[in-house]
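Please look over the model shown here before reading my points.

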2 protein chains.
Amino acid sequence: MGGDFGVESAIPGLDIVRKAYPNVHFLIFGDEAKVKPVLNKYGAVAKLSEFIHTDLMVENDQKPSAALRASKGTSMRLAIEAVKEGKADAVVSSGNTGALMAMAKMILKPIAGIHRPALASVFPTLKGPPTIMLDLGANVLVDAETLVQFALLGSIFAKARKGVAEPTVGLLNVGSEDMKGPDHVRAAADLLQDVKLPGKYVGFVEGNDITKGTVDVVVSDGYVGNITLKAIEGVGSFASKTFKQALMSDPLSIFGSLFAFMALKRMKKKLDPRMYNGGVFLGLNGICVKSHGGSDALGFSTAVKLAIQLAQHNYVQTVIDDMTSLMDQETLLVQGLHQA
Amino acid sequence: MGGDFGVESAIPGLDIVRKAYPNVHFLIFGDEAKVKPVLNKYGAVAKLSEFIHTDLMVENDQKPSAALRASKGTSMRLAIEAVKEGKADAVVSSGNTGALMAMAKMILKPIAGIHRPALASVFPTLKGPPTIMLDLGANVLVDAETLVQFALLGSIFAKARKGVAEPTVGLLNVGSEDMKGPDHVRAAADLLQDVKLPGKYVGFVEGNDITKGTVDVVVSDGYVGNITLKAIEGVGSFASKTFKQALMSDPLSIFGSLFAFMALKRMKKKLDPRMYNGGVFLGLNGICVKSHGGSDALGFSTAVKLAIQLAQHNYVQTVIDDMTSLMDQETLLVQGLHQA
């Protein structure tokens, strides 16, 4: 029900998804009056779906705390509860981000031992395969051990999303050599040197390494992660607007850009934010994916596919298994540090 | 002497500067064997210059601490000392950034009351006039009062660079409403509500506001500032490479881009990093500008022009005057907070 286009992007999005994943089954939560007319147009989706009516929904501009109090029976809450009850393997929503995070955390609860869930997403890179980055703003500043947990959550995500056996993990830090970064980042680096991750910790990375594709997973706190994410989105939009303005600025350029049409189309596709849609709320007992509010059908389908990939890789169970090993190691390490 | 091109970019850069500022006078510090041959080719620069020979220089890859210990008599140190002794109004260098910052801090010393000097630079924006941002990495995490001082340093910089009487100042923070950001940022926002700045504090801004041009000055700590700067540089280089690849990918596109040549040239000029060159080390008793190591003559001239603008606006004296007022206000505010 949420996002700028509601069911108008969600149902056609599911139609894209079911072509790639013919065995998928959808539970659709929402207002019958709005959902049914669109669902009727997509018979193949309707056939794979169970529809659950509710006329309650979280508003896009509602404050998370208010949304949480009034959440009972809303489409968002029912969808999350379906995951909690094992009826669904994952929940995807285009709705209010803050409300979704608060509600998912309350209902699904963090995996035992996880200090704080984190928001992760994928970024396009020069190298080709996308970079995964977290935390993008579920938290602000966090301690070193939480950063180590983010590295764990991120590398298991990379395994599921990128299919690499041993993802490389970098810790986002400031550039210069002599300025070794804030205490929590330096302490996390010390821990990561010794801890055994599902991925391979390769050291500090800088802001430009995100789009360079230096590592599979970039780990940061949510303070720097959220600001960096927004800054990257800002430059992307700046570059594309400046580019359009330039090409439309005189008749000869307009003429020229007609010939370069296919090339520009390919570039647009490569940088298309819809191909990178889907913020995943990691560290909960269940998979919860946030689709961008402004996404169309293609964008929404990307978010749903991401949810399917994570479910197929048993993301949650893998984190639970690896957390046990990590906690044992951390306890030893922290004891070691205190004795040293 | 420093940077990738040394005197080969510096002297031709000064030739560009003297055309815009015919009354400028240069002190050139460096190795006679290297400087003189190039200076001989630029008679107009030589006429406006005093040359001071030294065969000692800071290496580009030297650690700042090592550079500092062995700094006596180097071209970098002599140039900074010229500012200290009042022989020069500003120093510009393409050399080792860490060494320059350490040496400038040691010799010029922070202005009385300034907790920590900060690194500032200008960013291109969609709106047109550039945004000034600090701290870009002279520090990592700082306290709230230091952020308030950065706001002061930045708004006086904006007056000099942008010529606006009352620059708008935003505090860089995370996006969502319910996540109000880390403690030091929130405390700085509280202080900025009450403090009288040379500019006007307008509240929190997000990462995408930097290139949007929402405010004249974006204030952050050096941890988030440095990572954001690098991330923005990364996306810029990513976009331009992807764009080039796309246009060169098939014969029709190459043909088309010939017609769009002028438009592409204009765009390149608008985004040209050489037009935004110059990191200024603010808060010292003297003006110190770092030119990017990879800059050519045009880039170097931008950095020198920035130094001249700051000198013409009596940047240091203005900060000294406004600091006195700020410190009085802060003392009252902090006392107020303790009593409340």
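1. Across the interface of chain B and chain A, the rule finds eight residue pairs in polar contact, both residues at pLDDT 80 or more. A polar contact is a pair of N or O atoms within 3.5 Å; within protein, one must be able to donate a hydrogen and the other to accept it, and residues adjacent in sequence count only if both atoms are side-chain atoms. H10(B) gives the most to the side of chain B that touches chain A, with 20 residues.

2. This is a predicted model, where local features need pLDDT of at least 70 and side-chain atom pairs count only at pLDDT 80 or more, while totals for chains, interfaces and linings use all residues. Residues are numbered from 1 along each chain as its sequence is written, chains are lettered from A in the order in which they are written, and side-chain values use heavy atoms, without hydrogens and water.

3. Two salt bridges cross the interface of chain B and chain A. A salt bridge is a side-chain nitrogen of Lys or Arg within 4 Å of a carboxyl oxygen of Asp or Glu. Glu206(B) and Lys230(A) form one through their side chains, at 2.5 Å, N to O.

4. Chain B and chain A each put 61 residues into the contact (heavy atoms within 4.5 Å).

5. Chain B is superposed on chain A by a rotation of 180° with 0.0 Å of shift along its axis, at RMSD 0.0 Å (least squares on the C-alpha atoms of residues with pLDDT of at least 70 in both). The two copies are therefore related as by a two-fold rotation axis. In chain B, the C-alpha of Gly256(B) is nearest the axis, 2.0 Å from it.

How values were computed:
Helix = DSSP H or I, 4+ residues; strand = E, 2+ residues; numbered from the N terminus.
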